[in-house]
Amino acid sequence: MILELNLRFVKSFLVETRGNVFLVDSGVVGSGRKIISFLEKSGKSPSSIKTVVYTHSHGDHIGGASELKMPHNLIHEKGIDFLRKGIPKKPVLHSAPLKLLFSLGSPFFTRRSGPVFDVEKLNEGELFPGIQLVFTPGHTEDSVSIYVEDERALIVGDMLQGDKKGLKIPSIYEDLNQLRRSIEKVKEFKVEKVYVSHGISGPPRWPF
Ligand SMILES: [Zn+2]
Ligand SMILES: [Zn+2]
């Protein structure tokens with residue numbers, strides 16, 4: 001089971017498969033409380049969830065991490081410092097409107113949050129039974145995707161964005177060639193649904 005939690009313009013996910021349950025991402029600073037109340041409303045005791053997996057270290061994905069106070073916080077090795085210090089990675093922008101937005105001041109998704117003490121490094125491969133962790137750099141060097149075998153679903157973080165027409169490459173990335181190679185890499189999985197953090201999740205209508 002994969003539940004999408006809408007948090008302003010970004011999403012967080014609750015994944016439950018073969019007896020394991022974990023969260024993916026923590027939204028922006030202040031999203032922690034929203035996530036906890038969402039869990040309560042959906043009949044999950046927040047204390048029964050121990051693990052958060054972060055798709056990468058941008059502020060709209062790790063911002064609420066310190067508020068959740070989870071005992072296990074898993075992120076790619078290159079994201080550990082950002083998460084531990086609560087200082088998000090700076091996005092590398094490739095669109096004029098985004099540059100304008102960022103120049104208007106420090107938007108809320110670059111805000112600092114509190115430190116996170118229980119941070120562990122993600123390894124590529126089986127994370128839990130039925131869950132494959134895939135390194136998918138490009139958007140950032142610490143980006144990962146999560147493949148949920150029983151659902152044939154892929155959670156891609158910001159590697160792709162979704163709209164009604166399908167999936168597209170984001171205008172924030174560190175290395176476009178690497179990003180394209182990461183998309184080729186996940187195409188090897190049997191995917192029926194792609195969950196994106198921004199926009200509409202849906203069938204794998206790849207951008208190329
Ligand atoms: Zn991002
Ligand atoms: Zn994002």
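Which residues does V52 touch, not counting residues up to four places away in sequence? V52 touches F22, L23, S26, A65, L68, M70 and N73, where two residues are in contact if their C-beta atoms, placed from the backbone, lie within 7 Å.

This is a predicted model, in which local features need pLDDT of at least 70 and side-chain atom pairs count only at pLDDT 80 or more, while totals for chains, interfaces and linings use all residues. Residues are numbered from 1 along each chain as its sequence is written, and chains are lettered from A and ligands numbered from 1 in the order in which they are written.

**The core**

V52 is also among the residues with the most contacts inside the largest nonpolar core, together with V53, L83, I146, I155, V156 and Y195, and that core has 47 residues. Strand 9 (residues 144–148) gives the largest share of this core, 4 residues. A nonpolar core is here a set of buried Ala, Val, Leu, Ile, Met, Phe, Trp, Tyr and Cys residues joined through C-beta atoms within 7 Å; a residue is buried if 20 or more other C-beta atoms lie within 10 Å of its own, exposed if 12 or fewer, and partly exposed in between. In soluble globular proteins, nonpolar side chains tend to be buried together.

**Two sheets**

Helices (H or I, at least four residues) and strands (E, at least two) are DSSP runs numbered from the N terminus, and two strands pair if DSSP finds at least two bridges between them. One open sheet is formed by 6 strands in the order 1-2-3-4-5-6, with mixed pairing. Its edge strands, each pairing on one side only, are strand 1 (2–7) and strand 6 (119–121). Helix 1 (residues 31–41) packs on this sheet, touching strand 1, strand 2 and strand 3 (20–24), and its direction makes about 140 degrees with that of strand 1; such angles run from 0 to 180 degrees between N-to-C directions, with axes fitted to C-alpha atoms, for helices over the stretch in contact.

The other open sheet described here has 5 strands in the order 7-8-9-10-13, and its pairing is mixed as well. Strand 7 (125–128) and strand 13 (193–195) each have a single partner strand, so one side of each is left without a neighbour in the sheet.

| Strand pair | Sense | Bridges |
|---|---|---|
| Strand 1 and strand 2 (residues 10–17) | antiparallel | 6 bridges |
| Strand 4 (residues 51–53) and strand 5 (residues 72–75) | parallel | 3 bridges |
| Strand 5 and strand 6 | parallel | 3 bridges |
| Strand 9 and strand 10 (residues 153–155) | antiparallel | 3 bridges |

Individual residues mark these pairings: E4 stands opposite F13 in strand 2, V53 stands opposite L74 in strand 5, I75 has K121 in strand 6 as its bridge partner, and V148 has A153 in strand 10.

**Two loop residues**

Most residues other than glycine have a negative phi. R8, in the loop between strand 1 and strand 2, has a positive phi near 50 degrees, and it counts as partly exposed because it has 13 C-beta neighbours inside 10 Å. D25, in the loop between strand 3 and helix 1, has a positive phi near 70 degrees, but with 28 C-beta neighbours inside 10 Å D25 counts as buried.
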